[in-house]
Amino acid sequence: MTDIVIIGAGITGCFLARDLSRYNVSIAVLEKENDVASGATMANSAIIHSGHDPKEGTLKAKLNVRGNQMYEEICKELDCTFMRIGAYVLATNQEENETLLQLKKQADSRQVPCCIQTREEIIKKEPQLSDQVISGLWLPSTGILYPWEIAIALMENAISNGVDLKLDEEVIKIEKIDQGYRVKTKNQTIDTKIVINCSGVYADDLYATLIQRKDFSITARKGEYFVLDHMKKPYVNHVLYPVPSKIGKGVLVVPTIHDNILLGPTSYEVDDKYAINNTQKGLDFVRGQLSKIVKDVPFDKMIRTFAGNRPSGNTKDFIIEESKEYPDFFNVAAIESPGLASAPAISEMVVGLILDKHALNKKGNVIKVNRPKVRVKDCSIDEKNELVKKDKRYAKMICRCEQITEAEIIDAIHRPCGATSVKGVKKRVGPGLGRCQGGFCEPLVVEILARELNKDPQEIVLDNLDSKMLVERTKQNENN
Ligand SMILES: Cc1cc2nc3c(=O)[nH]c(=O)nc-3n(C[C@H](O)[C@H](O)[C@H](O)COP(=O)(O)OP(=O)(O)OC[C@H]3O[C@@H](n4cnc5c(N)ncnc54)[C@H](O)[C@@H]3O)c2cc1C
């Protein structure tokens, strides 16, 4: 019998897997997709919010502030990029100015660093400010990171420390048994003492298979975005929020750690929890809203659009608790924004709930750290020459937009929690993130994946198992 089963390998499941891997327990993570970070963690604004705006008294408020404080150290430990670039909440009229003052009061009470600045002060740092902006709340502790990078690094570390990650394992039913729970996937049955349900938009349906009714409900709220290419002079330098409304933080302008700009998101409920297509209506809405806070948006630099679905709960707050009727079944559900920012603190809280009931032994000082990654793009000429001396594949440029070499892709495939799909490679090292969106590098990535995984190129998928890229051979090899 397994000690702990974690269902879902989004940022919540990845943090839990890594944090629990510090204890002498057996852990299995069951993920329905063929890679980690495939749900809300895959498509979001990537902001580590300061914690200024969740409603007072909520878990969101408490865990966002704590999570923001924790990220810097964790990213250092995992060799992930975290940039505390700061944010402005921008007011465009007197009423919004009043809201800024309320937000400041709330942020002060949470010891979130902040101050009100005038339009004149802000425009020196953000020249593209719209003419309507009259003032802003400056939040220097706001950060940005790369959600895929951190989720994958966490899972890599969890696996290196004994966690069993099972991909393509959709859980379809959970039953109570004498010693714990029987978790049924499409492929197998696993008995476990403890279950942690962090299955995103599906968490309500999954819990209902155990309790035979719905205690809480999760709806999907779609967020749509534009992505702008790198620019010599960044379009903006900080995260720019409008004043928040009842349905959320509004349409933002967000610099990314790769020097792109995200414009979005929308926030509207959708029936299909898994449909992450873009819509003309959604994208037009984003365009329309932007003019409130910025001007001259360089849409000619747009390289793609994307969308993600927030797991939005009827409780309007995170649901992080042990089931009242089913001991040792923990729901970590309705983790909508600021779920990414709160994730380390959510995990800390859940581990605390488990430790309150079970005396788990720490593994001591045998914890393994992740093997360092090489980023050729960031190396000096001398460092590059040294790398090429050791391995010629560091000289073979596969992605010209993002400057990714063959050796880096091979490493991403063979690390623990390695890539098995084209998107998996993109998530780990970045070919396909740039201007050509994979136009040049995708066929080469397919070839490398097939060679390294010892598969036929026709078996290589873009993303999930249904996304085959090659239909049939058009030319036979000379040998065939
Ligand atoms: C548009 C948008 C913008 C956002 N912006 C921000 C932001 O800037 N900052 C911030 O802090 N937060 C933001 N968020 C929220 C943040 O992305 C989420 O809170 C966070 O990613 C939730 O992580 P999770 O692991 O709980 O869920 P998910 O990432 O959704 O992971 C759940 C996992 O469970 C798996 N799963 C589902 N059903 C099953 C099953 N039956 N069996 C096995 N596995 C299953 C899924 O495949 C998925 O991998 C945003 C979200 C969206 C959508």
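Arg393 counts as partly exposed because its relative accessibility is 35%; buried means under 20% relative accessible area, exposed over 50%, and partly exposed in between (1.4 Å probe, protein chains only). Its side chain meets that of Asp391 in a salt bridge (3.1 Å, N to O). A salt bridge is a side-chain nitrogen of Lys or Arg within 4 Å of a carboxyl oxygen of Asp or Glu.

This is a predicted model, in which local features need pLDDT of at least 70 and side-chain atom pairs count only at pLDDT 80 or more, while totals for chains, interfaces and linings use all residues. Residues are numbered from 1 along each chain as its sequence is written, and side-chain values use heavy atoms, with hydrogens and water left out.

**Salt bridges**

The structure holds 42 salt bridges. Three of them are listed here.

| Pair | N to O distance |
|---|---|
| Asp391 and Arg393 | 3.1 Å |
| Arg221 and Glu269 | 3.9 Å |
| Arg435 and Asp229 | 2.6 Å |

Helices (H or I, at least four residues) and strands (E, at least two) are DSSP runs, numbered from the N terminus. Arg435 is exposed, at 59% relative accessibility, whereas Asp229 is buried, at 5%. A network of salt bridges also links Asp79, Glu149, Lys373 and Arg375.

**Nonpolar core**

A nonpolar core is a set of buried Ala, Val, Leu, Ile, Met, Phe, Trp, Tyr and Cys residues joined through side-chain atoms within 4.5 Å. The largest one has 83 residues, of which Ile6, Tyr71, Ile150, Met155 and Ile196 touch the most other members. Domain 1 (1-81 + 144-217 + 314-370) and domain 2 (87-140 + 219-310) both give residues to this core, so it lies between them. The domain bounds come from an automatic or database domain assignment.

**Aromatic rings**

Rings of Phe, Tyr and Trp (its six-membered ring) pair if their centres lie within 6.5 Å; planes under 30 degrees apart count as stacked, over 60 as edge-to-face and the rest as tilted. There are nine aromatic pairs in the structure. Tyr71 and Phe82 are stacked, because their ring centres are 6.2 Å apart and their planes stand at 10°. Tyr71 is in helix H2 (residues 59-78) and Phe82 in strand E4 (residues 82-83), so this pair ties together parts eleven residues apart in sequence. Tyr71 is buried at 0% relative accessibility, and Phe82 is buried at 14%.
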